[in-house]
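Here is a short report on one protein model. Please look over the sequence and the structure first.

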Amino acid sequence: MSEQAPPSSSGGLGAREREGTIDLLGAIAYGTISGFTRMAADSEMARDLRLKRALAGMAAKEFHNHEDLSDHISALGGDPVAAMAPFEDAFEAFHARTRPRDLLEGLVKAYIGDGIANDFFLEISRYVDEESREVIQRASGNHRDVDTIVSAVREGIREDPRRAGPLALWGRRLMGEALTQGQVVAAQREALSELVLGLSHDRPGATLEEVGQLMQRLTDRHQLRMGRLGLSA
């Protein structure tokens, strides 16, 4: 993917580029507040104190990221709640179709789902201004407690090897659902699509070939995460 040369500040954005950037930030902001509530709920199910602490820590980081993103939306002249609203149905539809049946599935979803979202938003951040990209990169950074999540999943599989096959299917389903919802959102939000394609600003956008390469990178990273959990991708 070609390197971009965005302006040093988001202050010089045109109206359409600003709209697309706020769309992107709104999507990520809704993802973080949604992730916060679900990880906090998972922490309630955890009996192991280390695992409970790890999940609670991930939830706290999600909320901090949410506040950071919301502040930047406001700095761009947007309303954080209004910016998130168009993405509520898509995120809730994803969560409704991928509701974990137990803590182990919840842990896989927290690790895999969070990873897919972070990878996707980091990729798309290539097409926004430098200041917005920095905010997105902070929000999409690795959680420090993911090793505890990974260890808990692997331990669960060691205790009951029969869980490996269904959890592998679960991980693949999470990937498929996430990509489907991402495509739906992109198609529905014209300003966001224009931002990625370079139609709303004077920086190069993504070509069809680069979009294909992006999808392949997402798939490759998903396979690495699945392997880290001890699951076949």
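## Terms and model

Buried means under 20% relative accessible area, exposed over 50%, and partly exposed in between, using a 1.4 Å probe on protein chains only. This is a predicted model, in which local features need pLDDT of at least 70, side-chain atom pairs count only at pLDDT 80 or more, and totals for chains, interfaces and linings use all residues. Residues are numbered from 1 along each chain as its sequence is written, and side-chain values use heavy atoms, with hydrogens and water left out.

## Thr21

Thr21 sits in helix α1 (residues 15-45). Helices here are DSSP runs (H or I, at least four residues), numbered from the N terminus. Thr21 counts as buried because its relative accessibility is 0%.

Contact means heavy atoms within 4.5 Å. Apart from neighbours within four places in sequence, Thr21 touches Leu13, Leu76, Val128, Asp129, Ser132 and Leu195.

## Helix α9

Helix α9 spans residues 190-197. Its buried residues are Ala191, Leu192, Glu194, Leu195 and Val196. Their cover includes α1, α5 and α8 (164-188).

## The second largest pocket

A pocket is an open set of points on a 1 Å grid over the protein atoms alone, where a 1.4 Å probe fits, with protein on both sides within 12 Å along at least five of seven lines; lining residues have an atom within 4 Å of a point.

The second largest pocket is lined by 14 residues. Leu51, Leu107, Ala152, Glu155 and Gly156 lie nearest its centre. Helices α2 (49-75), α5 (103-124) and α7 (146-159) each give two or more residues to this lining. The most come from α7, with 6 residues.
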